[in-house]
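Hi everyone, thanks for coming. Let's take a few minutes to walk through one model together, so please have a look at the screen.

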Protein chains: 2
Amino acid sequence: MPDGRGITFPRGFIAGAVAAGVKDGTPDRLDVAVLASPVPCVAAAVFTSNQVIAAPCVVTRRHLGAGRLRGVVVNSGNANACTGEQGERDAVAMAAAAALLVGARCEELAVASTGVIGVPLPAERIAAALRGLELAVDGGEAFARAIMTTDTRPKVAEREVRVGGRAVRVGGVAKGAGMIHPNMATLLAFLTTDAEIDAATARDLLKGAVGETFNAISVDGDTSTNDMALLLASGASGVTIDRETRPAFAAALREVCGELARAIVADGEGATKLFEVRVRSAASAADARAAARTITSSNLVKTAIHGADPNWGRILAAAGRSGARVDQRRASVRIGDVPVFVQGAPVAFDADAVRRIFERSTIEIDVDLGIGEAEARAWGCDLSAEYVRINAEYTT
Amino acid sequence: MPDGRGITFPRGFIAGAVAAGVKDGTPDRLDVAVLASPVPCVAAAVFTSNQVIAAPCVVTRRHLGAGRLRGVVVNSGNANACTGEQGERDAVAMAAAAALLVGARCEELAVASTGVIGVPLPAERIAAALRGLELAVDGGEAFARAIMTTDTRPKVAEREVRVGGRAVRVGGVAKGAGMIHPNMATLLAFLTTDAEIDAATARDLLKGAVGETFNAISVDGDTSTNDMALLLASGASGVTIDRETRPAFAAALREVCGELARAIVADGEGATKLFEVRVRSAASAADARAAARTITSSNLVKTAIHGADPNWGRILAAAGRSGARVDQRRASVRIGDVPVFVQGAPVAFDADAVRRIFERSTIEIDVDLGIGEAEARAWGCDLSAEYVRINAEYTT
């Protein structure tokens, strides 16, 4: 039964966290976390598409290429990005220190960081703190707290599915962007399963799930240098993911990723509302996705939703600049269950009804492009004065 | 000598404005303006790249195809966008009413609108008001005021250049986004000259000038449905733009466009500062432009500048996600005259000095990608809580 442990809910995983004082002035805050497996795990990962990629992403990609992983070590408070060659040496040192704790080789550890960009990582302080870290089967919760930065709450998700009469578990933890410390839109997600799964299938399923979930959310349109989603499969359930068991497992993985992704948007910096945009009848899946993501990233759409302003023209205007094929004579827009624009013409609508929909904590927007068959969904949050306040504060 | 008349500074142009009550509740506000020439003018225009294009842009493009223009009629307070087929009929009716005033054919008038999207244009009210509009050589100022929406001040620019011993004048007027009325990021720019110029050269020079000026600014990253820049050449100076006179004229046109573009950014909704990003040593001009525009559009860069936060990592992270080729090992970043990142490594810098630079009303950021020869400049404004307030308010 799901119990809130997240990544240590699947069998074969232990975790823990420690306060290393990564950031000066917060010596008591949990800021270094380790997830480990006693046996080597099949691993798959996706990384930021930002060309300015952080050192831990570079090192983890290299370690993944060497084979199976025994775990991951993460710090918050410092992104170890734009730190030059020293940054890579520091990321390797952090992996080595965690490997010592886990009893693995350095190359068997993934490493992730999130925090301020361009400040050297205090690698020695982290290594020293790792020596006192304790790993346990109920350590998933401490892990979830330790990777938070501006997040206001930890984000964990779990699923148990019956596959061929046996239980397979999927767990996950993620961090997004909140309100303690600016400059940290990094998305980190760690996913575990006790399914037995081959590496190619793991990559496939992770890529598919991330595309529909984490890659479909936006807090502020700025892609981090440190984004990473990592899946570790211990095989401890004894259930193999094959052609028959794959659909149920894929659905569980997608649900865990989706729950974490929505939790990140709802807890976006300064966010008070979550909105879901569904774009239908697009010429292609890429078009549907481009339109949906552009709408969820539009400052004008986000501020209209913040102010409960039934200003639907901004939605259509965002679709029109998204690069997707749009023919305004065939497009329709619905807010909640209220049509506001139907096949190329505005319709009279009850503005108060739309205002009430915009005042909900979750809002659905439906855009029908009237061209093809493809559809996509994306999630965004409102843009508030609080977002500006958080991000205009000094980091130093 | 330049005298603040803007578009009626070049010889051969008259203008005027009237209060038509386009928007309910503001009956006394100038909101319909006409610019006219007694003789047909060579005309060139560029329009929004948004596929959801407003009716006046569609109609003006059609009229331009029919030959020379005698003028333009503009209203503020209603964008006539997303208004279906009725919108096109209303735009034509507006052109026809202005043509009657000017003594021209309907097809000789350009038409432009800016304001709320998706609300039917009160075309009859506009036509009635046009009957009382007076055109004069000093009407450029009233025109500049009448096209304002959320702008806080009118935007005009003028240049006089000596070409082959004779004076050629270029005038311009523009509107951007300010703080009276949300939902109006429309950029409208009207440029006049008394030079004699052929249509192909006019198109060429306008496209070049717009690319380096209006298309290099960003207030909030949302492309309007109504953007339009129109150049009218009366020929009244008797000076012909040929291979010899072209450089001086092109420079004057670019300067007028640049002055208006920077005025729009400085008066962006909620803006308190203007910043200029220069990207150098890029692999291509397109790369340089993409990096510069992504930096000026980044909410995280904009909020850091708003808060005078020396958080330079956001600048490099924005370049890294811009699509431009970026190799962080070769990149350098300078804020004002302070280097913060040099050839792939962060450098110790005086954070207070950078804070003081960020507190200026105009800030220069220099990004050297260290790859090629191309460069580009772009202009942006800070993102303030006031921007959110303006755009979260009810439109209806």
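This is a predicted model: local features need pLDDT of at least 70, side-chain atom pairs count only at pLDDT 80 or more; totals for chains, interfaces and linings use all residues.

Residues are numbered from 1 along each chain as its sequence is written, while chains are lettered from A and ligands numbered from 1 in the order in which they are written.

Back to our pair. Helix α1 of chain A covers residues 55-65 and helix α2 of chain A residues 84-102; they pack at an angle of about 55 degrees with their axes 8 Å apart. Those axes are lines fitted to C-alpha atoms over the stretch in contact, and angles run from 0 to 180 degrees between N-to-C directions. Helices here are DSSP runs of H or I with at least four residues, and strands are runs of E with at least two.

Which residues of α1(A) meet α2(A)? They are A:A55, A:P56, A:V58, A:V59 and A:H63, and on α2(A) their partners include A:G87, A:E88 and A:A91. Contact means C-beta atoms, placed from the backbone, within 7 Å. Nonpolar covers Ala, Val, Leu, Ile, Met, Phe, Trp, Tyr, Cys and Pro, charged covers Asp, Glu, Lys and Arg, and the others, Gly among them, are polar.

Zooming out, chain A has 11 helices and 15 strands. Its C-alpha atoms fill a box of roughly 65 × 55 × 35 Å along the principal axes.

Now for the partner chain. The contact takes 53 residues from chain A and 54 residues from chain B. On the side of chain A that touches chain B, α9(A) gives the most, with 7 residues. That side divides into 22 nonpolar, 24 polar and 7 charged residues.

How are the chains related? A rotation of 180 degrees with 0.0 Å of shift along its axis superposes chain A on chain B, with an RMSD of 0.0 Å, which is the relation of a two-fold axis. The superposition is by least squares on C-alpha atoms of residues with pLDDT of at least 70 in both copies. Of the residues of chain A, A:A385 comes closest to that axis, with its C-alpha at 2.2 Å.

How values were computed
Two residues are in contact if their C-beta atoms, placed from the backbone, lie within 7 Å.
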